[in-house]
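Subject: Structure handover and notes

Dear colleague,

I am passing on the structure we spoke about, followed by an account of what was found in it. Please keep the structure open beside the text as you read.

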Amino acid sequence: MDDDAEQQHLTPAPGYALGQLAKAFTTALTHEDTDTRRRAEGRAKRWRAVLAGMTGGRLTVGSRTPVAGLPAWVTPEVLRGGFATGTPGAGGPLQPYELGLAERFGVPADRRALFAHCLTDTGLTWLWGQLDSGRYEVTVPEEGALLTMAWLVRHGETAGALDLVAELEPFAGRLRFLPRPSTGRRGPDVADAVHRRSVSEAVDTLVRRRPNAAVETQREALTVWQPFGDELLAHWLETAGGEDGRVLELAPDDGWLERGAALLDRYRLLAAEHTRCGKHRDPKQNLGILRGALEETVAGRQLDAGRLGLLRHAVTSMVRRRGLPGSAPHTELRRAQGAQAALPSHHALAQVALGRLAVLPQEFGIADPTPVLAPVSAPEERETGVPAGAELPQSVRRVVERTLSAPVATLVERGVVPSAEVLAELVPQLVAVTTARAYADQALRTLMAANYTAFRNRRSLLLLNLERQIRIEELPWVRAVEAHRGDGTVEAALLLRQLGELAVQAFPGTILPNPLVRELGVLARRSGLGAPLVEELAADIFMDTFGPKFLVAARIAGELLGGSLYERYYGIDYAAIRDLSIAEASKTAGRSSGPRTSPGFARLCAERAASASSAPAGPPGPSSGSWVAGNGKVIEQSQILTTHNLATLVHRVGIAPAPGWADLARRCFGAVCRLTGRVHHNPWPYSTIKDAAYAWRQLVFHLSLCTPAEQRRVLDALDEETARHPGHVAARLAPALAGLRLVADGGTFAADGSASGGRARRLLGWTTDGHWLAADPTGVAQKGS
């Protein structure tokens, strides 16, 4: 859910929706997987609803109220690209829990009847019981509305409860306002412990896994068809003479024929039961040759010279490869293969893990997953047949480990949170609890935490004219209890500082992803620190406008970085930015409404983008010179001027990562080297180059906060880092390293980012004319993108 993201001036058109409909329709018709086809059919149905709503006037794309007749607070069903389908997220057919409650309450299976019942003494008593027990779920914010009403009634705020009912009542027949009963109790005060996946989600993941077809085919080959092939071979060797196993005699006696017929009968039974392998059916394979010749002989037909030759060749080659059946080499080979086949499959071990997870509370994570990860026990062997002592495979362990409930720093340290994007998935759990703690009443804290978590799952709408996404404070039931929310600024500031430090320290070479920026933005507003956080804008929908917070963030960066290596490296005049900020603030003073932009900041970014050049030493790509790449250059300049939130977090929030800025700078350069390594022989290198340039910008920022002595030590160590990577990495980065050292020694770049008299260059990510980092040091041309 995007509270403050910059929304661009766009012209809504059905072309995008038509394209998505076509993709879904094609998948629904052609995909080989049944579940995938079914999901695609659902997407196609929803995209048809979007197009019908647009053409019929029921949907207004770009509005905060896209669905006619529904207020902004109603959670819309939103598809990719921010298009509302017209169906409320809390609408649709009655859910199973609603049908169950209707039966329990003795009312018609109708939402309006359920709503009305909850206004009676009996209904209120049930709602109060839910509030006290905490055994409920809120999957969309609307499901917390009647609980809030009941809380107000119990605390004597009848007028507020009636006002809330009056606002909800027109939609009582369409939307579900009742909570979902749950067997687990919510824990609003466990702020430090978060989990990436609940036990229930881990169970669902393991249940969806199927046996590995290739592994099970190999197991069948080892346990069924190879032993049967040995029996066939031994049977034919009874007709052979000599040590080479050459078939000499084809005048078998009656006993041989009877045993052969029995082998063929057993083959037919095995073939009907074991269908994974197909090689035994191939008449050109050794097993097929032996079986076919036996069928001919048992039927009384004499083998012709060609068939006899094939038979002799099959027998000879099988003996040569594996030895005679019963010999020491052959016996050892089959023993080893049997041991391999006896190993439990990953699927069987996943079933053991499922049994352990099934007895745990399903709604939450696991404080200590060690028992779930233990080797198979003797009782489990008796129950499942999986041998005791077998270890869970890594693929199953990863699923279980993601349920670990612990402080988020612990999850990062253990690798459960491997990226800033995954960190962003967990942060709403922390922000929900911190936000809810501002309410004095425990039941209300529990409810508001559940409501916040559900609200953060609300998908962003496509908005036009710089309109703002709805905020949680605009929900009628949240607004109804606003007076009971305390200050909360200290806790919000503390959590903001902790999360900011963790993100920068754990992932120093990665810019903060938008979902994380949005959560930190919520904390920043509630902390009162005056810390504007800015999102990464999308180049394909950017229309040359920035909100005023971008200029404020750039001014904060200037307060921290004025005169620094960062300012000199990127050629920034932070004093001029301060003056621009003062001038624009005076112009907008007293404005109370309407979309606001910063034309001065947009102009400055455009001017800087126009003067910047990557020097066409690299190969141009098909999109070189495109408007998307041009937009990207402007957006990159906004990130450079604002440091994309780093300066705000340091200067206003006060983060101070424990390893120190020098350590973060070195780790950033490690990320730059790894990304540059992926450019080599990459036909489409430009997205990787952009990521490398972003990590480079983080490096320059961290380096700028070091003391001069620390800066020099880091710069001296960069060559050591490049030496750990392939030679082409050092060759590609040589101009960038030369440029960084040039500025550190007091030099400057030209306006286009080059340096006269040398190879030194300023490293930027976006380009419209080919990038020098893409130039292959080996001389082999690459494509751009």
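Predicted model: local features only at pLDDT ≥ 70, side-chain atom pairs only at ≥ 80, totals over all residues.

Helix α6 itself runs over residues 145-154, and because eight of its 10 residues are buried, it is largely enclosed by the rest of the structure. The buried residues in question are Ala 145, Leu 146, Leu 147, Thr 148, Met 149, Ala 150, Trp 151 and Leu 152. After α6 comes Gly 156, which has a positive phi, near 75°.

The mean pLDDT of the protein is 86, with 91% of the residues reaching 70 or more. Confidence is highest in helix α29 (residues 646-653), at a mean of 97, and lowest in strand β7 (residues 246-247), at 53. Over residues 1-11 the pLDDT stays under 50, and the model has 56 contacts beyond four places in sequence for this stretch. Residues 614-625 likewise have a pLDDT below 50, and there the model shows 36 contacts beyond near neighbours in sequence.

As to the overall build, the protein has 33 helices and eight strands, and its C-alpha trace spans about 110 × 85 × 55 Å along the principal axes. Of its 785 residues, 50% are buried. Among contacts between residues at least 6 apart in sequence, 75% join residues that are at least 24 apart.

The largest of them holds 166 residues, among which Trp 73, Trp 696 and Leu 740 touch the most other members. Helix α31 (residues 686-704) gives the most to this core, contributing 11 residues. Leaving aside residues up to four places away in sequence, Leu 740 touches Leu 565, Tyr 569, Trp 696, Leu 699, Val 700, Leu 703, Leu 715 and Leu 718. There is also a second, separate core of 26 residues, which includes Tyr 267, Leu 270, Ile 289 and Leu 294.

Helix α22 (residues 489-506) packs against helix α23 (residues 514-527) at an angle of about 150°, and their axes lie 8 Å apart; the crossing of α22 past α23 is left-handed. From α22 the contact takes in Thr 489, Ala 492, Ala 493, Leu 495, Leu 496, Leu 499 and Ala 503, which meet Leu 516, Leu 520, Leu 523, Ala 524, Arg 526 and Ser 527 in α23. Sorted by type, the residues of this contact are 10 nonpolar, two polar and one charged. As background to the spacing in such lists, an α-helix has 3.6 residues a turn, so residues three or four places apart point the same way.

Asn 645 is not a glycine, yet its phi is positive, at about 85°; Asn 645 sits in the loop between α28 (627-642) and α29, and with a relative accessible area of 2% it is buried. His 681, also not a glycine, has a positive phi of about 60°. His 681 belongs to the loop between α30 (661-677) and α31, and its relative accessibility of 54% makes it exposed.

Thr 410, in helix α18 (residues 408-413), is partly exposed, with a relative accessible area of 23%. Although Thr 410 and Val 194 are 216 residues apart in sequence, their C-alpha atoms are 9.9 Å apart in space. Asp 282 lies in the loop between α10 (254-273) and α11 (286-298) and is partly exposed, its relative accessible area being 29%. Between the C-alpha atoms of Asp 282 and Gly 292, which are 10 residues apart along the chain, the separation is 9.9 Å.

With best wishes

Note on methods: Residues numbered from 1 in each chain as written. Heavy atoms only, no water. Axes fitted to C-alpha atoms, helices over the stretch in contact; angles between N-to-C directions. Helix = DSSP H or I, 4+ residues; strand = E, 2+ residues; numbered from the N terminus. Left-handed = near helix turned anticlockwise from the far one by under 90°. Contact = heavy atoms within 4.5 Å. Nonpolar A, V, L, I, M, F, W, Y, C, P; charged D, E, K, R; others polar. pLDDT = per-residue confidence, 0-100. Core = buried A, V, L, I, M, F, W, Y, C linked by side-chain atoms within 4.5 Å. Buried < 20%, exposed > 50% of the residue type's maximum accessible area, 1.4 Å probe, protein only.
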